[in-house]
Amino acid sequence: MPATTATAQDFVPYATAAIDFHRALNVPAGPLVASRAELNSLHEHVVSLHGLLDAHAQRTSPLLPGEGDHLKATRTRLWQAAEHLHAAYHSSPRPGSGEVPDAEACRGRRPEGAPQLSICRRHQEAAQLMRRRTTPADLHSPFTGLVRH
């Protein structure tokens with residue numbers, strides 16, 4: 001039997017299936033609100049997917065500008081999703097006390113210490129990538145850029 005090499009196409013369907021399986025097992029029977037651990041895991045997944053799409057956009061854009069525009073727009077939307085997950089994490093009840101931070105504490109973006117700080121560190125690393133690849137106007141626009149046809 002010939003040896004095969006693993007490619008990204010081999011692993012992405014497994015990641016998708018794992019998320020679908022997780023949702024089917026945990027969300028209908030689980031707690032009514034997402035825990036901080038769940039939000040942290042979702043943030044990690046979205047940031048990883050963001051990195052994958054960034055790599056595709058960077059490689060594709062010089063060769064096929066139209067496809068590259070779509071990939072860049074997708075990358076921007078994923079960044080926006082990561083931003084919302086990060087904010088949801090800091091707005092969710094704290095473990096143990098169940099205390100929900102007030103709006104002022106969330107706006108202050110005060111780190112809550114380890115291990116909670118890992119989501120902030122990951123988010124800042126992804127933010128650096130976005131600052132290199134986009135402008136602030138791109139991030140706040142309802143339209144993520146020119147898409148060629």
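In this predicted model, Asn-40 is a residue of helix H2. Its relative accessibility is 19%, so Asn-40 counts as buried, the cut-off for that class being under 20%. Apart from residues up to four places away in sequence, Asn-40 touches Tyr-89, Ser-118, Ile-119 and Arg-122. Of these partners, Tyr-89 belongs to helix H3 and Ile-119 to helix H5, and both take part in the contact between those two helices.

Two further positions in H2 were examined. His-50 is found in this helix, which spans residues 36-60, and counts as buried because its relative accessibility is 2%. When neighbours within four places in sequence are left aside, His-50 is in contact with Arg-75, Leu-78, Trp-79, Leu-129 and Met-130. Among these, Arg-75 and Trp-79 of H3 and Met-130 of H5 are also listed in the contact of H3 with H5. Ala-55 likewise has its place in H2, but with a relative accessibility of 36% it counts as partly exposed. The C-alpha atom of Ala-55 is separated by 9.6 Å from that of Arg-75, a residue 20 positions apart from it along the chain.

The packing of H3 against H5 was described next. H3 covers residues 65-91 and H5 covers residues 117-133; the angle between them is about 150 degrees, and their axes are 11 Å apart. H3 is therefore roughly antiparallel to H5, since angles over 145 degrees fall in that class. The crossing of H3 past H5 is left-handed. On the H3 side, the contact is formed by Arg-75, Thr-76, Trp-79, Ala-82, Glu-83, His-86, Tyr-89 and His-90, which meet Ile-119, Cys-120, His-123, Ala-126, Ala-127, Met-130 and Arg-133 on the H5 side. By class, the residues of this contact comprise 8 nonpolar, 4 polar and 3 charged.

In soluble globular proteins, nonpolar side chains tend to be buried together. The largest nonpolar core in the model contains 16 residues, and Val-46, Trp-79 and Ala-82 have the most contacts inside it. Two or more residues are given to this core by each of H2, H3 and H5, with the largest share, 6 residues, coming from H3. Of the residues with the most core contacts, Trp-79 and Ala-82 also belong to the contact of H3 with H5. Not counting residues up to four places away in sequence, Ala-82 touches His-43, Val-46, Val-47 and His-123.

Technical notes: Residues are numbered from 1 along each chain as its sequence is written. This is a predicted model: local features need pLDDT of at least 70, side-chain atom pairs count only at pLDDT 80 or more; totals for chains, interfaces and linings use all residues. Side-chain values use heavy atoms; hydrogens and water are left out. Axes are lines fitted to C-alpha atoms, for helices over the stretch in contact, and angles run from 0 to 180 degrees between N-to-C directions. Helices (H or I, at least four residues) and strands (E, at least two) are DSSP runs, numbered from the N terminus. Angles under 35 degrees count as roughly parallel, over 145 as roughly antiparallel, 65 to 115 as roughly perpendicular and the rest as oblique. A crossing is left-handed if the near helix is turned anticlockwise from the far one by less than a right angle, and right-handed if clockwise. Contact means heavy atoms within 4.5 Å. Ala, Val, Leu, Ile, Met, Phe, Trp, Tyr, Cys and Pro count as nonpolar, Asp, Glu, Lys and Arg as charged, and the others, Gly among them, as polar. Buried means under 20% relative accessible area, exposed over 50%, partly exposed in between (1.4 Å probe, protein chains only). A nonpolar core is a set of buried Ala, Val, Leu, Ile, Met, Phe, Trp, Tyr and Cys residues joined through side-chain atoms within 4.5 Å.
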